[in-house]
Amino acid sequence: MPLPKAELHLHVEGTLEPELAFRLAERNGVRLPYADTEELRKAYQFDDLQSFLDLYYELMAVLRTEQDFADLADAYLARAAAQGVRHAEIFFDPQAHTARGVPMGTVVEGLWRALGRSEENHGVSTRLIMCFLRDESADSALETLEAARPYLDRITGVGLDSAEVGHPPAKFREVYAAAAALGLRRVAHAGEEGPPAYITEALDVLGVERVDHGLRCMEDPALVERLVRERIPLTVCPLSNVRLRAVDVLPEHPLAAMITAGLLCTVNSDDPAYFGGYVADNYHAVRDALGLSKEQMRELARNSFLASFLEDDEERRARYLAEVDAYEFS
Ligand code: ADE
Ligand code: ZN
């Protein structure tokens with residue numbers, strides 16, 4: 001039985017496996033510029049974040065109908081459940097779909113077909129987090145928040161993703177203030193490829209409650225001290241960091257040092273179809289590469305529930321934490 005855990009950094013579009021991509025392409029009459037799944041998999045060699053994003057956005061062309069989004073999310077939830085996930089806070093990128101003429105309603109209602117039945121079908125509770133693409137304009141982000149208004153009962157929070165360098169958090173001050181006024185929770189990718197100053201800006205200007213990646217905080221001891229003091233959770237994605245070359249090799253991943261520094265770290269899969277592993281695979285990879293102890297693994301799982309947006313269901317959080325505490329490693 002796998003260690004029970006929450007997944008807090010997962011782009012649903014990043015769970016599109018080559019087999020499903022081809023199935024949806026055929027269903028929707030979309031031509032992919034790859035002969036088959038094998039040729040597509042060969043394209044999964046990335047130099048940096050942008051080289052991944054180019055393929056990630058290209059493959060989204062196959063996602064067109066509510067059922068496509070439902071099938072995508074359902075396939076993820078089934079895999080997540082098998083990896084011990086009890087609770088998933090799932091990112092989606094509405095602008096990547098609305099820009100192709102797929103309405104916001106199709107995306108949210110489609111995802112909801114799977115998420116609304118996830119507890120009964122997979123035993124996984126869920127939340128949805130809508131991300132703004134930071135390489136699009138601030139006005140586009142505001143329009144996206146406006147388009148999401150009819151669906152806000154299904155959306156827990158907002159996030160910020162896509163190409164980081166050159167797109168500092170402060171660009172999105174207005175839309176984050178508007179999201180906060182609507183009662184939405186706030187997270188942002190920061191310090192993946194961008195400098196530590198972007199992490200500080202995400203906290204101070206956007207008011208984020210959790211930082212996605214946050215890796216480069218380790219370059220700024222004062223920032224580390226602040227993140228520890230304020231108990232700001234970081235959603236670390238080890239296999240992603242290696243595949244996108246934020247870190248050279250897994251044994252050099254700063255996660256062990258981050259844990260030692262007292263940071264509230266969680267382990268997540270980011271875009272598992274592209275990076276060679278789902279969330280338990282990430283746990284096992286860091287355990288093996290960094291020599292993490294069983295109690296450190298348990299702490300990572302505890303952190304995932306502590307950092308999750310379960311304030312509206314503390315009873316559930318307590319139940320999940322008790323499961324982690326009672327877990328017996330084989
Ligand atoms: N979108 C999907 N995965 C991402 C990542 N790792 N960083 C930024 N944007 C993303
Ligand atoms: Zn991400």
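How do the residues of the lining of the largest cavity divide into nonpolar, polar and charged? I shall take that question as the starting point of this presentation. Please keep in mind throughout that the model before you is a predicted one.

The lining of the largest cavity divides into 7 nonpolar, 5 polar and 5 charged residues. The structure holds 1 cavity of 30 Å³ or more, and the volume of the largest cavity is about 120 Å³. In total, 17 residues line the largest cavity. Those that lie nearest its centre are His-11, Leu-49, Phe-52, Leu-53 and His-189. Helix α3 gives the most to this lining, with 5 residues.

Let me turn to what the cavity contains. Ligand 1 sits in the largest cavity. Around ligand 1 we find His-11, Leu-49, Phe-52, Leu-53, Tyr-56, Asp-161, Ser-162, His-189, Glu-192, His-213, Asp-270 and Asp-271. By type, this shell divides into 4 nonpolar, 4 polar and 4 charged residues. Which helix supplies the largest share of the shell around ligand 1? That helix is α3, covering residues 49-59, from which 4 residues of the shell come.

I would now ask you to look at the nitrogen atoms of the ligand. In the side chain of Asp-271, an N or O atom is 2.7 Å from a nitrogen atom of ligand 1. At Ser-162 the backbone is involved, with an N or O atom that lies 2.8 Å from a nitrogen atom of the ligand. For His-11, the distance from an N or O atom of the side chain to a nitrogen atom of ligand 1 is 3.4 Å. How much of the accessible area that ligand 1 has on its own does the protein cover? The protein covers 100% of that area, which amounts to 260 Å².

The largest pocket has a volume of about 240 Å³. Its lining is made up of 15 residues, and Gln-95, Ala-96, Ala-99, Leu-133 and Glu-136 are those nearest the centre. Two helices, α5 (94-98) and α8 (138-148), each supply at least two residues of this lining. The largest share, 4 residues, comes from α8. Sorted by type, the lining of the largest pocket has 7 nonpolar, 4 polar and 4 charged residues.

For the second largest pocket, the volume is about 200 Å³. Here 13 residues form the lining, with His-284, Arg-287, Met-297, Tyr-327 and Phe-329 nearest the centre. The elements that give two or more residues to this lining are α15 (279-290) and α16 (294-306). Of the elements, α15 gives the most, with 4 residues. The lining of the second largest pocket divides into 8 nonpolar, 2 polar and 3 charged residues.

Thank you for your attention.

Key: Residues numbered from 1 in each chain as written. Chains lettered and ligands numbered in written order. Predicted model: local features only at pLDDT ≥ 70, side-chain atom pairs only at ≥ 80, totals over all residues. Heavy atoms only, no water. Near = heavy atom within 4 Å. Polar contact = N/O pair within 3.5 Å; in protein donor to acceptor, adjacent residues only side chain to side chain. Areas by Shrake-Rupley, 256 points an atom, 1.4 Å probe, with all protein chains shown as cover. 1 Å grid on protein atoms, 1.4 Å probe; cavity = no way out; pocket = protein on both sides within 12 Å on 5 of 7 lines; lining within 4 Å. Sits in = over half its atoms within 2 Å of the grid points. Nonpolar A, V, L, I, M, F, W, Y, C, P; charged D, E, K, R; others polar. Points joined across faces, edges and corners; volume = space filled by probe spheres on them.
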